[in-house]
Amino acid sequence: MGTGKRGLIATAVAVVCAVTVLAAPGTAFANPTPSPTPSAGSALASGKDLEAVRKKLDKLYRAAGRATDEYNAAEEKADKQSAEVVELAKKIVKGEAKLRKLKDRAGAAAAAQYRGGGLPPEAHLVLSDDAQDFLDGAGRVREGHHATKGLLGELTRTQQDLEQYAKDASAQLKKLEAGRKAKAAAQKKIEKQIAQAEKLESALQEEEQERLAELEKEAANKAQTAWLDSGILDEIDEKASEQGKKAVKYATAQIGKPYQWGAEGPKTYDCSGLTSQAWVSAGRGIPRTSQEQWKRLRHIDIQDMRPGDLIIYFGDASHVAMYIGDGTMVHAPRPGRTVTIAGAGSMPILGVVRPDADAGAN
């Protein structure tokens with residue numbers, strides 16, 4: 001294989017290493033730029049509409065949640081592409097070794113013919129005076145022809161395989177580069193939205209921050225009360241499957257741990273990082289992002305929901321929580337918050353999915 005293809009493998013390894021570094025703790029999960037410390041004159045006017053601030057913050061953090069899903073999806077895709085590049089690199093290395101051996105065999109055959117005086121096997125056969133030698137030689141010539149034809153065919157196929165591997169590796173490298181850019185763009189979106197939200201919050205005086213927290217609780221309680229008043233809790237099945245029980249146990253054990261975008265534990269989580277790892281602990285791998293969980297897991301009616309099922313929120317499926325029973329769920333809410341229990345109806349529900357779709361309840 002030429003230097004161009006060897007260069008390709010070197011590039012592949014370099015890109016894989018780059019992706020690995022990008023995904024390393026402390027790099028991919030870098031904290032956004034610290035918000036400026038509010039000055040004495042930065043307090044809001046007394047008549048400022050805190051409800052408008054609450055809605056603005058909710059909008060900013062939801063945008064950060066969507067960007068986090070984009071980031072997680074890009075990271076998951078990059079991991080798969082990196083693995084494919086590595087496998088292609090291994091195939092190329094094996095193919096090169098095989099090609100060298102085949103060329104050595106071809107060279108040995110050519111050398112043997114040269115040692116025979118440069119005459120092809122057929123010529124030696126015609127010159128033979130012994131009938132038995134002639135017959136034996138004829139068989140060897142036929143075998144030699146088959147072997148030579150097979151060797152040349154194998155050489156050609158191996159060369160073609162190497163060329164295809166090189167093309168595939170080049171295509172995967174382009175996808176990796178596109179994924180790296182998508183990941184970086186998503187990270188910028190996340191940090192921008194969080195920085196804006198933190199700046200908005202930091203401009204509030206202490207009493208205003210306390211009132212804002214009360215408004216957030218009031219909005220959540222209002223939504224939860226309306227949800228419960230619909231009578232939905234009377235229909236919900238509270239019996240979890242064995243895997244569901246394990247997932248709930250894992251998720252609730254993380255209560256109090258900080259939210260961190262892009263994190264899958266064990267010290268910090270984002271919303272889908274918590275739910276995906278909870279189900280991994282129960283022995284079932286599920287998609288990494290809330291949007292993919294919504295797309296790929298089995299949808300069930302809300303009244304059929306049971307502990308361990310995942311509740312998908314908002315029309316864009318940008319948030320996910322785990323139902324744990326009695327009308328409550330556990331989730332990693334947003335930056336600045338910790339894993340906590342909240343009302344299952346405290347946010348707009350898009351739908352419910354079940355990871356252990358074929359499992360019965362106990």
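Leaving aside residues up to four places away in sequence, Met 322 touches Ala 247, Val 248, Ala 251, Thr 275, Ala 278, Trp 279, Gly 308, Asp 309, Leu 310, Thr 328, Met 329 and Val 330. This residue belongs to strand E3, which covers residues 319-325, and the structure discussed here is a predicted model. Because its relative accessibility is 1%, and buried means under 20%, Met 322 counts as buried.

## Overall organisation

The secondary structure of the protein consists of eight helices and six strands, and along the sequence these follow the pattern α-α-α-α-α-α-α-α-β-β-β-β-β-β. Of the 362 residues in the protein, 38% are buried. The protein exposes about 19,600 Å² of surface, and carbon and sulfur atoms supply 54% of that area.

Ala 263 is placed in the loop between helix H6 (242-253) and H7, and it counts as buried because its relative accessibility is 2%.

## Helix H5

Helix H5, residues 206-229, has 24 residues and reaches 35 Å from its first C-alpha to its last, which is close to the 34 Å expected at 1.5 Å a residue. Within H5, the residues Glu 208, Leu 212, Leu 215, Gln 224 and Trp 227 are buried. The helix is followed by Gly 231, whose phi is positive, near 85 degrees.

## Salt bridges

How many salt bridges does a search of the whole structure find? The search finds twelve, and among them is the pair formed by the side chains of Glu 216 and Arg 334, which meet with an N to O distance of 3.4 Å. Glu 216 lies in helix H5 and Arg 334 in the loop between strand E4 (328-331) and strand E5 (340-343), so this pair ties together parts that are 118 residues apart in sequence. With a relative accessibility of 22%, Glu 216 counts as partly exposed, whereas Arg 334, at 12%, counts as buried.

Glu 216 also forms a salt bridge with Arg 337, in which the closest N and O atoms are 2.8 Å apart. This pair likewise links distant parts of the chain, with Glu 216 in helix H5 and Arg 337 in the loop between E4 and E5, 121 residues apart. Arg 337 counts as partly exposed, its relative accessibility being 32%.

A further salt bridge joins Arg 306 to Asp 356, with the closest N and O atoms 3.5 Å apart. Here Arg 306 sits in the loop between strand E1 (298-300) and strand E2 (310-313), while Asp 356 sits in the segment after strand E6 (349-354), so that the pair links distant parts of the chain, 50 residues apart. Both partners are buried: the relative accessible area is 6% for Arg 306 and 3% for Asp 356. Elsewhere, Arg 211, Glu 214 and Glu 218 are linked in a network of salt bridges.

## The largest pocket

The largest pocket has a volume of about 1,000 Å³. Its lining is made up of 39 residues, and those that lie nearest its centre are Asp 58, His 331, Pro 333, Arg 334 and Met 347. The elements that give two or more residues to this lining are helix H2 (50-115), H5, helix H7 (271-281), E4 and E5.

Which element gives the largest share of the lining of the largest pocket? That element is H2, from which ten residues come. Arg 334 connects this section with the previous one, for it is among the residues nearest the centre of the pocket and its side chain also meets that of Glu 216 in a salt bridge.

Key: Residues numbered from 1 in each chain as written. Predicted model: local features only at pLDDT ≥ 70, side-chain atom pairs only at ≥ 80, totals over all residues. Heavy atoms only, no water. Salt bridge = Lys/Arg side-chain N within 4 Å of Asp/Glu carboxyl O. Helix = DSSP H or I, 4+ residues; strand = E, 2+ residues; numbered from the N terminus. Buried < 20%, exposed > 50% of the residue type's maximum accessible area, 1.4 Å probe, protein only. Expected span 1.5 Å × (residues − 1). Areas by Shrake-Rupley, 256 points an atom, 1.4 Å probe, with all protein chains shown as cover. 1 Å grid on protein atoms, 1.4 Å probe; cavity = no way out; pocket = protein on both sides within 12 Å on 5 of 7 lines; lining within 4 Å. Points joined across faces, edges and corners; volume = space filled by probe spheres on them. Contact = heavy atoms within 4.5 Å.
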